[in-house]
Amino acid sequence: MPRFTRARRQLRAFVIAMAAAVAAPMLAAAPASAQILGLVDDTGVNPQDLARLLQQWGYRAEVKTDQQGEPEIVSAVEGLTFVIFFYDCNKSAKGKCLSYQFWAGFRDLNPPVTLEKLNDWNEKQRWTMCSTDGQGRVRVKMSVNPRGTDLEQNFKNWFNWWQRSLADFKKHINFRG
């Protein structure tokens with residue numbers, strides 16, 4: 001089966017799951033029920049919560065702080081270390097952040113990945129994108145806006161998509177590491 005057809009079905013299933021996650025709070029009888037469902041409010045998501053979910057699912061999840069003082073989670077999947085970077089974090093909102101990004105880097109690729117190969121990936125993907133720094137290092141990333149959804153289900157959906165994307169990207173660039 002062509003990869004494009006499989007990706008289209010995966011995307012359709014993902015969109016249906018996301019629509020269900022967005023519709024769930026609308027069905028709630030009272031505003032208090034949104035808190036029971038664990039919905040992400042306008043203050044964002046706490047990186048510690050995502051780290052705990054990764055650990056519950058059997059993955060390593062180390063919460064660190066980057067050079068700008070923002071939180072990040074270091075983990076691994078598909079035999080690769082990846083990082084979740086957090087953006088628009090609010091110290092007064094108990095460390096919650098409005099968005100996050102999955103990120104993985106590849107270096108010392110032999111043969112080097114061509115710009116045409118990277119552009120081909122970006123042209124065919126919707127949720128992930130890749131780039132190079134011009135020094136032979138390649139990175140793939142996926143940004144997430146978690147607000148207004150059930151925290152665990154939303155993160156699980158995006159994490160599953162990230163796993164599939166990493167596996168596909170490794171094949172795309174013929175990564176053997």
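Helices here are DSSP runs of H or I with at least four residues, numbered from the N terminus. The model on screen is predicted. This tour visits salt bridges, of which a search of the whole structure finds 5.

**Stop 1: helix α3.** Select residues 47–56, which form helix α3. Within that helix, show the side chains of D49 and R52, which sit 3 residues apart, about one turn of the helix. Their side chains meet in a salt bridge, with an N to O distance of 2.5 Å. Now colour the pair by accessibility.

**Stop 2: E62 and K64.** Next, select E62 and K64 and display their side chains. The two meet in a salt bridge at 3.9 Å, N to O. E62 is partly exposed because its relative accessibility is 37%. K64 has a relative accessible area of 36%, which makes K64 partly exposed.

**Stop 3: K170 and E78.** Finally, select K170 together with E78. Their side chains form a salt bridge of 3.9 Å, again taken from N to O. At 34% relative accessibility, E78 is partly exposed.

Terms used. Residues are numbered from 1 along each chain as its sequence is written. This is a predicted model: local features need pLDDT of at least 70, side-chain atom pairs count only at pLDDT 80 or more; totals for chains, interfaces and linings use all residues. Side-chain values use heavy atoms; hydrogens and water are left out. A salt bridge is a side-chain nitrogen of Lys or Arg within 4 Å of a carboxyl oxygen of Asp or Glu. Helices (H or I, at least four residues) and strands (E, at least two) are DSSP runs, numbered from the N terminus. Buried means under 20% relative accessible area, exposed over 50%, partly exposed in between (1.4 Å probe, protein chains only).
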